[in-house]
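Work through the following exercises with the model open beside you. Try each task before reading its solution.

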Amino acid sequence: MRTVHLDFHNSSLLENIGAQFDPESFAQRLLEARVESVTCFAKCHHGMIYYYTRLPARHPHLECDLLREQIAACHKVGIKVPIYISLGFDEEMAKLHLDWREVSAEGKLGGSTPLEAGWKKLCLNNDAYLSYVEEQIAELLSLFDVDGFFFDIVHQEECCCANCLASMEEEGYDPEISQERKAFAEKVLLRVKKRLSSFIWERKAASSVFYNAGHIAPGIRSSLKFYSHLEIESLPTGGWGYDHFPIVARYARTLDLPYLGMTGRFHKSWAEYGGYKDPSALEYECLRTIAFGASCSVGDQLLPDGRLDPIAIKLIGDTYETVAKYEPYFQGAKPTSEIGVVMPKPTEKIIDDALAGANRILGQAQYQFDLVDSRCDWSKYSVLLLPDRIELSREPAAKVAEYQQKGGKVLASYHSGLCQGEFPPGWPLEYLGESEFHPDYLMPGKEWQSLGQMPFVMHEPAAEIASESRWPAERWQPLFQRSRRHFSNHFHTPPQGPMGRPGAVCWGAGIYFAHPLFTIYRKHGSPIARKLVLAALKELLPEPLVVSNAPSTAQLLLNYQEREKRYCLHILHYVPERRSQLDLIEDPLPLVDLEIGLRISKPKRVYSLSGKVPAMEYKAGRAWIKIDKMVGRQLIVLEQ
Ligand SMILES: [Zn+2]
C-alpha cells in the first residue's frame, strides 16, 4: 500500500478553503503518483471541519463539501481515503471549554500558553468531548463510504483536571504520586481506544483504525487489539532523526499487525509550505521502509485552496514509481533475524541511549536483528542481547533462564540481567555495586588482543563484578579519581594498573561486559565499544547469516518470502550527514567491489532489480554475491 497522509490544518482566519479543489484532477494526480490510499481531513488541530456537517465547527470559509468530494473522486479511481480526526488538539473546543484542557500537577494548562502561537492540549478523560467525537464519527459513517479512521494526538500527560482527580480518587490512584498519575493516564488512553474502536467497529467492522502518538513502544501491547494496523510517524528531518524509524520498525514488525512507515516530503517537518526534501532522501526513506517490511506513507499537505502542491506530488510520484517496482519483493516478506535485542523500560527519552547504541552497532555490522519485549517469542533467535539497563523482574528472568536452557546465547552489559541485585542462576557473576572510578580503563585479554594491547578509556562507569569464569578483558583503574581534591591534565587520570575486576566475563552460554558499552557508543562514539561488542558476537554467533566487506555505512537487510520461496537482499547506501542543524541526505552513494556471503541453501536463480545479473558463487554453505559497483540501492533476489 502506497499512502499519502495529506495534512490540512487551517485557521478560521484563512479564506477560500477548498475554493480551487477539482475532484477529478485531485484523484487523477494521486493516481499518476501511484498513490493507493490518501488520508484526508474531517477535523484538524484547529477543530475546523472540512465537509458540510451538522456540527457547528465547520470551517467558516469552506467553499465546497471537500471531504465528500475527495472520497467520491478517489473511490472512483480505486484510491482509499481513511479519515483524519485530530483528537488531543482541537482549538475550537479548547476555546469554548477551558475546563476540557489538560492540567498539570502544577496547575498549568496543557499545551501552549496564552502568549504563544501553538496548540492547546485537551484531556482525553472527558466524556463530553468524547461524545462530541463520537457524534462526528457517527455522522461521517452515515454520510460517506468510510475506509477507516486516523486519530491524531492520542496521548495523555499526568493530567490533574477536575475529571481526572475525581476518577483517580474513585479508582484508587494517588494523584499526589507522579507514577500513579502516569499509570492513570495510560488507563485513560486504553479506555479512549476501546471506546472509539468499539463505536466504529459496531457500525462498520471493516473500517481501519489507528491512534497516532508519534511513536510506538512496548506500552502499546495492552491496547493493540483496538488497532487495525500500525503507522510509524518518523520524519527524519522533523525531529525524529534517522535512527528512530529502524528502531521502532524492528520492534513493530514483531507485533503481528500490518504496519506502515510514515516520513514526509517536507525538507524539515509538517506544515512546511514551500519546503521540499531532496529526492534521494525521500527515495532512501521509502526504500528503507520497504526493506523493514512496512508499507510506505509520505506526509504531504493540501494547499488551503484545495490544490495539491505540484512539486510535492511530483516528488512523491517519482519516488513511488521506484517503490512500486520493489513491491512484489515486499509482499509477505519476513525478516531473517537471528538476534533479539531486549527493549528497555520506557524512560523520559523517546529512544533509550543503549537501544540506539545497539541498533547502530548491530546495523553497521549488517547483523539481522529484531527488538523484542518479554512477550515476544525469543526461541527463533540464536543470541539475545540485553543492552546496559535491562534489569529483570521475576517473570522475564525466568524467561531468560528458559531461553538459555534451550541453547540460546546471551550478550549482556552493565545492569542487564540483574533481578533484585542478583544475576540469573547460571550466570557466573556476582554484583558488588558501582565503580568508584569514572572513567576507568579496559584492557583486552589474550583472546581479544587484536583489539589493541592498551588500556582503553571507558567513558561511563562500570558495575563492580566478581567472577570465577574466563575474563576476555579486565578493568584497569586510574592513578586516582579526578575530583576537586586532586586532578591531573585536562581530563581523566592516566591508567595505573589492573584492579582485579573483570571488564568482560565469558561462559558457555553468554558474555557479559561490566561497562555500559551500548550507551558509551551512543553518547561518545568510542570505536572500542563497538569493537568489543563485535568481538563478543563473533564468539556467540560465529557464522552469522550475512557477512560482507561492505563499509559500516551500508545497510544490508535480508528478508524471506515464503510463498515465492525467495530471499530478498536489500542493499542501501545513503549516508545522512550533519550539513546544518539537520542530518541530511542529498546523494545516493556508490559501493564498489562488494562481496556478500549469505548462509542460505544454494539458490536456483539469482537476479537483481536493476536487471544486471550479479556474479554468484556457492561455497562452504554460503551464496557469495559479487557486485562490481552499485549506487545507492540494490535489491538482490535469490530464488530457492
Ligand atoms: Zn484530565
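The exercises below go from sheets to helices, then to single residues. The model is predicted: local features need pLDDT of at least 70, side-chain atom pairs count only at pLDDT 80 or more, and totals for chains, interfaces and linings use all residues. Residues are numbered from 1 along each chain as its sequence is written.

**Exercise 1. The antiparallel sheet**

Task: trace the sheet with 5 strands and follow β22 through its partners.

Solution. 

Step 1. This open sheet runs β9-β22-β23-β30-β27, with antiparallel pairing. Its edge strands are β9 (333-335) and β27 (605-608).

Step 2. On one side, 3 bridges join β9 to strand β22 (residues 555-561). A333 has Q561 as its bridge partner, and K334 has Y560.

Step 3. β22 is also joined to strand β23 (residues 566-572), by 7 bridges. Here L558 stands opposite L569.

Step 4. β22 and β23 form a hairpin with 4 residues between them. In the turn, K565 has a positive phi of about 50 degrees.

Step 5. 5 of the 7 residues of β22 are buried (20 or more other C-beta atoms within 10 Å of the residue's own; 12 or fewer is exposed, in between is partly exposed; C-beta atoms are placed from the backbone).

**Exercise 2. Helix α13 and its cover**

Task: which residues of α13 are buried, and what covers them?

Solution. 

Step 1. Helix α13 (residues 517-524) has 6 of its 8 residues buried. They are L517, F518, T519, I520, Y521 and R522.

Step 2. The cover includes α11 (353-364), β13 (409-413), β16 (456-458), β20 (510-513) and α14 (527-540).

Step 3. G525 follows the helix, with a positive phi near 65 degrees.

Step 4. The axes of α13 and α14 come within 8 Å and cross at roughly 145 degrees. L517, I520 and Y521 of α13 meet A529, R530, L532 and V533 of α14. Contact requires C-beta atoms, placed from the backbone, within 7 Å.

Step 5. By class, these residues are 6 nonpolar, no polar and 1 charged. Ala, Val, Leu, Ile, Met, Phe, Trp, Tyr, Cys and Pro count as nonpolar, Asp, Glu, Lys and Arg as charged, and the others, Gly among them, as polar.

**Exercise 3. Core and surface**

Task: which residues have the most contacts inside the largest nonpolar core, and is I600 buried or partly exposed?

Solution. 

Step 1. A nonpolar core is a set of buried Ala, Val, Leu, Ile, Met, Phe, Trp, Tyr and Cys residues joined through C-beta atoms within 7 Å. The largest has 187 residues, and A42, Y50, I83 and I232 have the most contacts inside it.

Step 2. Beyond four places in sequence, A42 touches residues including I49, Y50, I83 and L140.

Step 3. Turn to I600, in the loop between β26 (590-598) and β27. I600 is partly exposed, because 19 other C-beta atoms lie within 10 Å.

Step 4. Leaving aside neighbours within four places in sequence, I600 is in contact with Y567, A623 and L638.

Note on methods. Contact = placed C-beta atoms within 7 Å. Helix = DSSP H or I, 4+ residues; strand = E, 2+ residues; numbered from the N terminus. Pairing = 2+ DSSP bridges. Axes fitted to C-alpha atoms, helices over the stretch in contact; angles between N-to-C directions.
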